[in-house]
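Work through the exercises below with the sequence and the model at hand. Each task is followed by a worked solution.

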Amino acid sequence: MASSKRWLSLGRVTVCVVLLVSALGCRKQAREPVPDGGVASAFDRPLGSQSASALAARPGAAAPPIDPIPPHTVPPLTAREKVGQSIFFDATLSNPPGTSCSSCHEPGMAFSGNNGSLSGVARGSRPAHFARRNAPSVMYLKYVPPFHFALEDDDDTAESPFGGLGWSGRADTVAEFARHPLFDADEMNGKSDAELAGKLRAAPYAADLAREYPGALETPASAMNALGEALQAFLTSATMSPFTSKFDDFLRHKVELSPLEKKGLSAFENRAKGACNHCHLMYEHSTRPDSSLFTTYVYDAVGVPRNRAIVANADPKRYDLGLCERTQKTVPSSDPKWCGSFRVPSLRNVAVRQRFMHNGVFSKLRDVVAFYATRSTSPDLWYPHGAKFDDLPGRYRGNVNTLSFPYNRHEGERPPLDDADIDAIVAFLETLTDEPYRSALAAK
Ligand code: HEC
Ligand code: HEC
């Protein structure tokens, strides 16, 4: 970040200088860990005795540009991460060739997107083949915990499911997850480990792969292992969790939110309004952006409307039951009470996505927020075909959450959010867009 930015926080520095008398306030803040494991040590040095006494000796002198929270930088990709990036963009890995991971997780859309499909679910490598769900952003994945059960709130008596990758926690690591798109006949349509190993041997990055993972190209199993590890290294790299949004700069006290964005933030947090942060967790007063990932990774049954544009949904018996269909046996989640639950997605970069929710039923962010506002008070708006929660078989509709804010109101009551609140929340959500995607947002 440009050094001029440092001056933005001069006011803060002045406050710190005053606090220096007691010497504690600033240091405490400066020692807060920064994302990616580092500690904000830069500040330990400059604020040492030398600069402090220099300041004290010249009362009234302009404070030097010492930044209590050093400028945030994202380190470049390592050699391993670069190999993973090459694999991620390799369109020869599909059958027929032409579809890479990046086709459905496009960099210009914060690594979400549906490979040109407009129905809400992603298009695969073959014509008329579609993935089952809307492709989520694959940014900020390094923070997703493995699938597990735990108490959500201290006063809960039963444990809730958390974590795992995908809308229904199908895998615990990227390396494990990658096999799904690679071999799914409706996604990349890969045939076998041996076939993919052959493609990796012929790839322009083959030498790099073998250098980073010795023996990688020797057997199909070692090749698949290296492919998984490299993809994991790339997707969990600092580049993929940049924390460069306006909201992050707001947490770092580098910028102010506009009045509309502030109103949105407060409606997002207010229990009587959105209460969004209960599931889309954030801490307004923490200077650590990585404590605001906008999800607790818990699962919830939100009861989104059926997406009738999905070709497979022409079959009225075709349903996506989410968590209860997960097949992993180590920590099972097959209890029917989990049918209809999906993992709470992070809302970072949500504004650059084209489709929302696991079934991609919404194409406008404002509609998603409006859905939360009136799902319970005016269900007719969202379920025009009669039955509420129509994307679930009747026997599971009772699983849908009708007790939590903001959807615990009754039909006909006043919605928790009015139109102005909805606009404000959308404006706030737009502040969650990372630096490289801000222009994509502006072009929308
Ligand atoms: C044809 C489109 C398509 C392609 C190609 C594709 N994905 Fe995905 N991806 C999806 C969809 C759809 C989901 C959601 C799957 C689910 O919930 O079951 C997803 C989810 C993911 C997730 C989980 C994200 C999260 O938030 O938990 C990861 C990781 C991922 N993909 C990685 C990859 C990698 C690596 C590749 C290339 C090997 C790839 N994807 C190729 C469509 C695709
Ligand atoms: C009780 C938990 C809970 C609360 C409260 C909640 N959400 Fe969500 N949110 C979810 C879940 C679960 C999903 C995914 C649902 C699905 O796809 O079936 C989701 C999805 C979303 C999405 C779509 C993201 C994407 O990538 O597709 C947006 C946007 C969103 N929520 C915004 C909000 C806002 C704004 C509020 C407050 C008005 C809110 N949420 C309150 C659980 C919650």
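A residue counts as near a molecule if its C-beta atom, placed from the backbone, lies within 6 Å of that molecule. The model is predicted: local features need pLDDT of at least 70, side-chain atom pairs count only at pLDDT 80 or more, and totals for chains, interfaces and linings use all residues. Residues are numbered from 1 along each chain as its sequence is written, while chains are lettered from A and ligands numbered from 1 in the order in which they are written.

**Exercise 1.** Describe the shell around ligand 1.

Step 1. The shell holds 28 residues, and those that come nearest are Cys101, Cys104, Gly166, Trp167 and Pro181.

Step 2. Assign them to helices (DSSP runs of H or I, at least four residues, numbered from the N terminus). At least two residues each come from α6 (101-104), α7 (174-177) and α8. The largest share, three residues, is that of α6.

Step 3. Sort by type: Ala, Val, Leu, Ile, Met, Phe, Trp, Tyr, Cys and Pro are nonpolar, Asp, Glu, Lys and Arg charged, and the others, Gly among them, polar. The shell of ligand 1 has 18 nonpolar, seven polar and three charged residues.

**Exercise 2.** Find which residues of helix α9 are buried, and on which side they lie.

Step 1. Buried means that 20 or more other C-beta atoms lie within 10 Å of the residue's own. In α9 (residues 193-201) this selects Leu196, Ala197 and Leu200.

Step 2. These residues are on the same side of α9, because they cover an arc of only 105 degrees around the axis (the arc of the directions from the helix axis to the C-beta atoms).

Step 3. Their cover includes α8 (179-183), α10 (206-212) and α11 (220-235).

**Exercise 3.** Locate the largest nonpolar core.

Step 1. A nonpolar core is a set of buried Ala, Val, Leu, Ile, Met, Phe, Trp, Tyr and Cys residues joined through C-beta atoms within 7 Å. The largest has 84 residues, of which Leu227, Ala230, Leu231, Val369, Ile425 and Leu429 touch the most other members.

Step 2. Helix α11 gives the most to this core, nine residues.

Step 3. The core lies between domain 2 (79-154 + 166-240) and domain 3 (246-443), because both give residues to it; the bounds come from an automatic or database domain assignment.

Technical notes:
Buried ≥ 20, exposed ≤ 12 C-beta atoms within 10 Å, placed from the backbone. Contact = placed C-beta atoms within 7 Å.
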